[in-house]
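Thanks for coming. I will take a few minutes on one model and its aromatic residues.

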Amino acid sequence: MMKKTIFTLVMLLFTVFTFAQCPAGQTEVTIDINTDNYGEEIYWELTSSGSSCGSSATIFSGGNTGVGCNAINNTSGGYADNTTINEGPWCLTNSATYDILSRDGYGDGGAGFVVNIATFPLYTFSASTTSETFSFTINPPPAIDGAMQHFETPAYVFIGNIDLKGKIKNLG
């Protein structure tokens with residue numbers, strides 16, 4: 001029973017690293033936004049590369065719309081202070097470049113952006129001024145090509161942390 005449970009847990013871990021249900025040629029992307037002591041100062045947009053803030057090429061906008069593209073100091077609305085916000089997912093085109101247009105109503109930056117491509121945090125950006133553009137390209141990591149060889153576990157275990165030993169073979 002214990003080995004079956006451990007095998008199930010390991011298989012669940014592997015499913016976390018599989019790609020989303022995006023069409024061929026696209027990959028799932030999410031963005032984690034980290035706020036400072038003044039989350040309400042932040043506004044940002046996800047656009048195709050080279051697009052201007054507020055254009056029709058905006059894929060998503062987040063944060064305080066009162067701050068907007070002109071980075072107006074607006075203290076009502078927006079994100080909470082000292083928080084991580086998870087936005088997405090979006091299916092974005094492989095090999096294409098996208099921009100995060102970051103605006104800060106106070107002008108000191110304070111927003112952090114982590115771009116997760118196929119669940120992997122591949123780009124990290126930190127805003128430090130009123131208006132910044134961060135570019136990234138959709139290059140998904142290679143698929144995991146592994147196989148479970150065997151597990152070694154004791155017949156009885158106590159509640160708490162348990163060391164698992166086993167062998168995983170890279171088939172790629």
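Predicted model: local features only at pLDDT ≥ 70, side-chain atom pairs only at ≥ 80, totals over all residues.

Residues are numbered from 1 along each chain as its sequence is written, and side-chain values use heavy atoms, with hydrogens and water left out.

Start with strand β8, residues 131–137; strands here are DSSP runs of E, at least two residues, and helices are runs of H or I, at least four, numbered from the N terminus. Buried means under 20% relative accessible area, exposed over 50%, and partly exposed in between, with a 1.4 Å probe and protein chains only.

Now the rings. Rings of Phe, Tyr and Trp (its six-membered ring) pair if their centres lie within 6.5 Å; planes under 30 degrees apart are stacked, over 60 edge-to-face, the rest tilted. That rule gives eight aromatic pairs. Trp 44 and Phe 113 are edge-to-face, at 5.9 Å and 65 degrees. They sit in β2 and β6, 69 residues apart, and both are buried. Tyr 123 and Phe 136 are tilted, at 5.8 Å and 50 degrees.

Last, is Ala 24 buried or exposed? Ala 24 counts as exposed because its relative accessibility is 81%. Ala 24 is in the loop between α1 and β1.
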